[in-house]
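Work through the exercises below with the sequence and the model side by side. Each task is followed by a solution in steps.

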Amino acid sequence: MINNTERTQIINELVSNGVSIPCPDGVIIESTVEIGKDTVIMPNTILMGNVKIGNGCVIGPNSYIVDTVVGDNTKLNNTQAYSSKIGSGVTAGPFVHIRPNCDIADNVHIGNFVEVKNSTVDEGSKLPHLLYVGDSDVGKDVNFGCGCVTVNYDGRNKSRTTVKDGAFIGCNTNLVAPVTVGENAFTAAGSTITEDVPDNSLAVARNRQVVKNDWVNIKKPYKRQHLK
């Protein structure tokens, strides 16, 4: 870890080269880091190792970036990223974890409380919130609903999930790898997908809802008896 004198020298040099660091207290940037012009480094951000950040980005606040390449005009808010590639025009955060060996293409949106691991995400795809995308290959213009999981580990082996261009993954879908969702295919909310979904298809994998009318009134005497 660099000492405070080195930290101040690095920050001053970056500012003289067109980087904006409005509140340098708490910002740690190693000498191996490259940052383009008109990029803003927000408070409590740490950049370590072989980090290269493009022009016009906003990094932070509260971001931790290690050995990662970031394109131009990308915003990483409260994001941790390790040994990965993040394209241009990406928005991520808050509370995003990009684990090693990820390749996030241009104009991808990654929302709050999302973890991506050992995966590729192609241009224009959206991973909005409360997701785990692990060991996956996600195509262009894919949309994940809230609460989706790629189920990549069966207790012994890790397998990959493929989601092709234009697919729509409904809320609370589990994609049990190895599995492929075809181009422009949909999965219904609440589905557990264990078989490949063909192009332009809808996959529904959930029990049909059953409504038992007047169930509460029927059960009330039983309920009162057990509350005594």
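A salt bridge is a side-chain nitrogen of Lys or Arg within 4 Å of a carboxyl oxygen of Asp or Glu. The model is predicted, so that local features need pLDDT of at least 70 and side-chain atom pairs count only at pLDDT 80 or more, while totals for chains, interfaces and linings use all residues. Residues are numbered from 1 along each chain as its sequence is written, and side-chain values use heavy atoms, with hydrogens and water left out.

**Exercise 1. Salt bridges**

Solution. 

Step 1. Arg-160 pairs with Asp-137, with the closest N and O atoms 3.0 Å apart. The two partners lie 23 residues apart and link distant parts of the chain: Arg-160 is in the loop between strand E22 (149-151) and strand E23 (161-163), and Asp-137 is in strand E20. Strands (E, at least two residues) and helices (H or I, at least four) are DSSP runs, numbered from the N terminus.

Step 2. Arg-160 is partly exposed because its value is 33%, and Asp-137 is partly exposed because its value is 27%.

Step 3. Lys-117 pairs with Asp-135, with 2.8 Å between the closest N and O atoms. Lys-117 is in strand E16 and Asp-135 in the loop between strand E19 (131-134) and strand E20 (136-138), so this pair also links distant parts of the chain, 18 residues apart. Lys-117 is buried because its relative accessibility is 11%, and Asp-135 is buried because its value is 5%.

Step 4. Glu-115 pairs with Arg-99, the closest N and O atoms being 2.7 Å apart. Glu-115 belongs to strand E16 (residues 114-117), whereas Arg-99 is in the loop between strand E13 (96-98) and strand E14 (103-104), 16 residues away. Glu-115, at 25%, is partly exposed, and Arg-99, at 26%, is partly exposed.

**Exercise 2. Buried residues and their contacts**

Task: Which residues do Thr-161, Val-90 and Val-27 touch?

Solution. 

Step 1. Contact means heavy atoms within 4.5 Å.

Step 2. Thr-161 is in strand E23 and is buried, with a relative accessible area of 0%. Not counting residues up to four places away in sequence, Thr-161 touches Asp-135, Ser-136, Asp-137, Thr-150, Leu-175, Ala-177 and Val-179. Of these, Asp-135 is a salt-bridge partner of Lys-117, and Asp-137 is a salt-bridge partner of Arg-160.

Step 3. Val-90 lies in the loop between strand E11 (85-86) and strand E12 (91-92) and is buried at 1%. With residues up to four places away in sequence left out, the contacts of Val-90 include Asn-73, Ile-104 and Val-108. Val-90 and Cys-57 are 33 residues apart in sequence, and their C-alpha atoms are 9.4 Å apart in space.

Step 4. Val-27 is in the loop between helix H1 (4-16) and strand E1 (28-29) and is buried, at 0%. Beyond its neighbours within four places in sequence, Val-27 is in contact with residues including Arg-7, Ile-11, Ile-41 and Pro-43.

**Exercise 3. Backbone exceptions**

Task: Where are the cis peptide bonds, and which residues other than glycine have a positive phi?

Solution. 

Step 1. Most residues other than glycine have a negative phi, and most peptide bonds are trans.

Step 2. A cis peptide bond, with omega about 0°, joins Gly-93 and Pro-94; Pro-94 is in the loop between E12 and E13. Another cis bond joins Ala-177 and Pro-178, again with omega about 0°. Pro-178 is in the loop between strand E25 (174-176) and strand E26 (179-181).

Step 3. Ser-83 has a positive phi, near 45°, and sits in the loop between strand E10 (79-82) and E11. Ser-83 is partly exposed, at 35%.

Step 4. Asn-101 has a positive phi, near 65°, and lies in the loop between E13 and E14. Asn-101 counts as exposed because its relative accessible area is 53%.

Conventions. Buried means under 20% relative accessible area, exposed over 50%, partly exposed in between (1.4 Å probe, protein chains only).
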